[in-house]
Amino acid sequence: MTNYRNAGLLLLLSLLAACSPGGSDPAPSAVGAGETGASASSSSVAAESVDASSVDLRAALDGSFRARGQAQLDRLQRNPMQTVCSDAPKDQPAAEAGKAIMEAATAAVVFPADSQFLGDWQAGEKVAQTGTGLQYSDDPAVPNGGNCYACHQLDPKEIAYGTLGPPLAGYGKLRGQSEQMLKYTWTRIWNSHAYNPCSHMPRFGEAGILTEQQIKDLMALLFDPESPVNL
């Protein structure tokens with residue numbers, strides 16, 4: 001996996017070099033009288049080849065970004081879970097490492113202080129439909145969205161949705177509202193790593209992406225019989 005990561009970072013470095021002012025295009029005098037354009041291009045590519053072992057890839061990556069607005073450079077720093085999952089082949093960490101991630105995520109889940117799991121499904125639909133937030137150009141004073149439709153089908157009538165995650169249409173109608181099911185779903189939204197150590201789902205609660213009330217509203221979208229998800 002290290003070779004793949006190095007190759008990806010080297011590709012990033014090459015693209016950055018190609019986009020830099022006064023980059024690596026050969027000067028006209030570098031092409032001899034008998035040298036074709038194709039061979040000149042090949043020579044240029046060869047000259048730009050970089051040995052991964054000779055490059056500080058971490059420093060190169062860090063140097064490719066700059067802080068802007070609420071998007072600060074601390075986002076480039078991986079926590080222990082991200083480090084394990086970045087190194088895990090096909091997102092499958094070693095058994096002990098995966099178990100440790102799930103146990104830590106489960107222990108850190110914060111359930112509603114008032115024990116009320118369901119909010120307003122209409123507000124939840126707005127959270128699910130909103131894809132803005134946390135970007136440098138977004139206003140930090142405006143609540144983040146969940147962008148849930150980017151990965152899931154929820155309202156069956158909505159034609160624009162992603163398929164990275166499972167379809168959630170009929171979620172509450174199929175599962176009911178037992179305490180166990182409510183806590184399971186809340187945990188999934190709060191930090192899905194509690195069930196899948198290298199989940200690609202955002203840690204909406206643990207990472208502070210959504211507020212407790214927003215998560216309650218999403219829960220209502222999933223469980224309320226009046227929600228379009230369950231009609």
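Partly exposed means a relative accessible area between the limits for buried, under 20%, and exposed, over 50%. The model used here is predicted.

**Exercise 1.** Classify cysteine 151 as buried, partly exposed or exposed.

*Solution.* Take the relative accessible area of cysteine 151: 26%. Buried needs under 20%, and exposed needs over 50%. Cysteine 151 is therefore partly exposed.

**Exercise 2.** Find which cysteines form a disulfide, and describe the link.

*Solution.* 
1. Search the whole structure: one disulfide turns up.
2. Identify the pair. Cysteine 85 and cysteine 198 have sulfur atoms 2.1 Å apart. The cut-off is 2.5 Å.
3. Read the torsion. The S-S bond has -90° about it, and the link is left-handed.
4. Cysteine 85 sits in helix H4 (residues 80-87) and cysteine 198 in the loop between H8 and H9, so the bond ties together parts 113 residues apart in sequence.
5. Check burial. Cysteine 85 is buried at 12% relative accessible area. Cysteine 198 is buried too, at 4%.

**Exercise 3.** Describe the lining of the largest pocket.

*Solution.* 
1. Start with volume: about 1100 Å³.
2. Count the lining: 42 residues, with His200, Met201, Pro202, Arg203 and Phe204 nearest the centre.
3. Sort by class: 19 nonpolar, 18 polar and five charged.
4. Assign helices. H7 (171-175), H8 (179-190) and H9 (212-223) each supply at least two residues. H8 gives the largest share, four residues.

Technical notes
Residues numbered from 1 in each chain as written. Predicted model: local features only at pLDDT ≥ 70, side-chain atom pairs only at ≥ 80, totals over all residues. Heavy atoms only, no water. 1 Å grid on protein atoms, 1.4 Å probe; cavity = no way out; pocket = protein on both sides within 12 Å on 5 of 7 lines; lining within 4 Å. Points joined across faces, edges and corners; volume = space filled by probe spheres on them. Nonpolar A, V, L, I, M, F, W, Y, C, P; charged D, E, K, R; others polar. Buried < 20%, exposed > 50% of the residue type's maximum accessible area, 1.4 Å probe, protein only.
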